[in-house]
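Keep the structure open as you read.

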Amino acid sequence: MSYTITQHGMSERRACGLVGISRSSRRYKATDRDDALRERIRELARERQRFGHLRLTVLLRREGWVVNHKKVYRICREEQLLVPRRRRRRLRRMAHAEQPALGRPNQSWAMDFMQDGLADGRTLRILTVIDRYTREALALEVDTSIPGLRIRRVLDHLAAQRGCPEEIHVDNGPEFLGRSVNTWCEEHHVLLWHIQPGKPAQNGHIESFNGRLRDECLNANWFINLQDARRKVASWRRDYNQCRPHSALGYQTPFEFAGTLPFALSNLNTTDRSRPQGYPNGALACGLDPARDLQTPTYNSAKGRCEC
C-alpha cells in the first residue's frame, strides 16, 4: 500500500478511505510480548532436547508460568524447536489374549536388555526393570556382561526393598530362559510371563521405556568408560522417576503418581499403612539403595530440572 501511495501521489488519508480501513490499522506493527517466555522455552529446549511442547508446557507451569500448550506449540514451531515425529509403518497384527488390567504397584514388573557401546569399543549391556503400573524405573543395571546370576542379585535387591511382584513380563532372551531367573521366580512364587516370539508389543511398557532411555540418555551421551556410563544412566533414572512428566500418568512423574516421594532415612524401618501396596516397611518407590543412593530431589526452577 505504501508503494501505491507513493506512485500515485495520494495522501494516506485518501488511500485508506478508498480501501476502507483506518489509518491506525495501516500503521499497526505487531509486537511480540512473549520475549521472556520465548527465551525460557529456548533454554528448556536446549536442556531437554527430546521433549515436545506438551512436556515443556508442564515444566513451565511448574515454574509458575501461566501458559497454554497451544502458545508453547506456536513458539516452538516459530523457533524450530519441535521434535520430529517418527513415522511408523502400519502393520497388521494378529489378535492375542488380553492381559489383566493393572491396579496397584508391584502387581507386575517388566524386564528387558538394551545394548550400547563405550568409547573404547567395548559393548555395554543394560538390564532395565520397571513397574508396569507406576512406570517407575526400578533398576538400570549397567555392565559389559549381565548373566543370569547377576539378574538374580538385582531381583533379590529389589525384593528386599519393595517386596516381590506377582508376575514379571520378559521376552525369550537366553538370560530369561535360564535356570537362575526361573529358579528365583519359583522360590518367590512369582509368575514369569514370556511374550510370544516376534511380538514385542505384548511387552509394550518396557519397550516404550527402552525407547525413552535410548532417545534421552544413550543417544545423548558419550560414555568414556563403564563408571561414566553407570553414573550418567543412574542420573537419568533419578530424573525419570522424580522430575520427568509422563504422558500416560497425566503428566505426573512416577513418584507423584505412586504417592511415595523420598523421605527421611529414619522412616525406612517403620511400617506406614497409608502407603500403597507394594512398598513394605517404607521401601522407596524408586528402587534406590537407601544406604547409598537416597537423595532428596530439589527442583531448580532456573534450570527446569531436579538436582539430585
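His246 lies in the loop between α11 and α12 (254-258). Helices here are DSSP runs of H or I with at least four residues, strands are runs of E with at least two, and both are numbered from the N terminus. His246 has a relative accessible area of 12%, so it is buried. Buried means under 20% relative accessible area, exposed means over 50%, and partly exposed is in between (1.4 Å probe, protein chains only). The C-alpha atoms of His246 and Val58 are 10.0 Å apart, although 188 residues separate the two along the chain.

This is a predicted model: local features need pLDDT of at least 70, side-chain atom pairs count only at pLDDT 80 or more, and totals for chains, interfaces and linings use all residues. Residues are numbered from 1 along each chain as its sequence is written, and side-chain values use heavy atoms, with hydrogens and water left out.

**Salt bridges**

Side chains of opposite charge can pair when their charged atoms come close. The structure holds 27 salt bridges. Each one is a side-chain nitrogen of Lys or Arg within 4 Å of a carboxyl oxygen of Asp or Glu. Three of them are listed here.

| Pair | Closest N and O atoms |
|---|---|
| Arg244 and Glu216 | 2.8 Å |
| Asp143 and Arg150 | 2.8 Å |
| Arg42 and Glu79 | 3.3 Å |

Arg42 and Glu79 link distant parts of the chain. Arg42 is in helix α4 (residues 35-47), while Glu79 is in the loop between α6 (69-78) and β1 (108-117), 37 residues apart. Arg42 is partly exposed at 24% relative accessible area. Glu79 is also partly exposed, at 25%.

Asp143 is buried, with a relative accessible area of 12%.

Arg244 forms its salt bridge with Glu216. That pair also links distant parts of the chain: Arg244 is in the loop between α11 and α12, and Glu216 is in helix α10, 28 residues apart. Both residues are buried. Elsewhere, salt bridges that share partners join Asp34, Arg38, Glu39, Arg42, Lys71, Arg74, Glu78 and Glu79 into one network.

**Aromatic rings**

How many aromatic pairs does a search of the whole structure find? It finds five. In Phe209 and Tyr240, the ring centres are 5.1 Å apart and the planes are at 85 degrees, so the pair is edge-to-face. Rings of Phe, Tyr and Trp (its six-membered ring) pair if their centres lie within 6.5 Å; planes under 30 degrees apart count as stacked, over 60 as edge-to-face and the rest as tilted. Phe209 sits in helix α10 (residues 204-218) and Tyr240 in helix α11 (residues 226-242), 31 residues apart. Phe209 is buried at 2% relative accessible area, and Tyr240 is buried at 3%. Ring pairs link Phe209, Trp236 and Tyr240 into a cluster.

Strands β2 (residues 123-131) and β3 run antiparallel, joined by six bridges. Two strands pair if DSSP finds at least two bridges between them. Ile130 stands opposite Ala137 in β3. The two strands form a hairpin with five residues between them, and Arg135 in the turn has a positive phi of about 65 degrees. Strand β3 (residues 137-143) has six of its seven residues buried, so it is largely enclosed by the rest of the structure.
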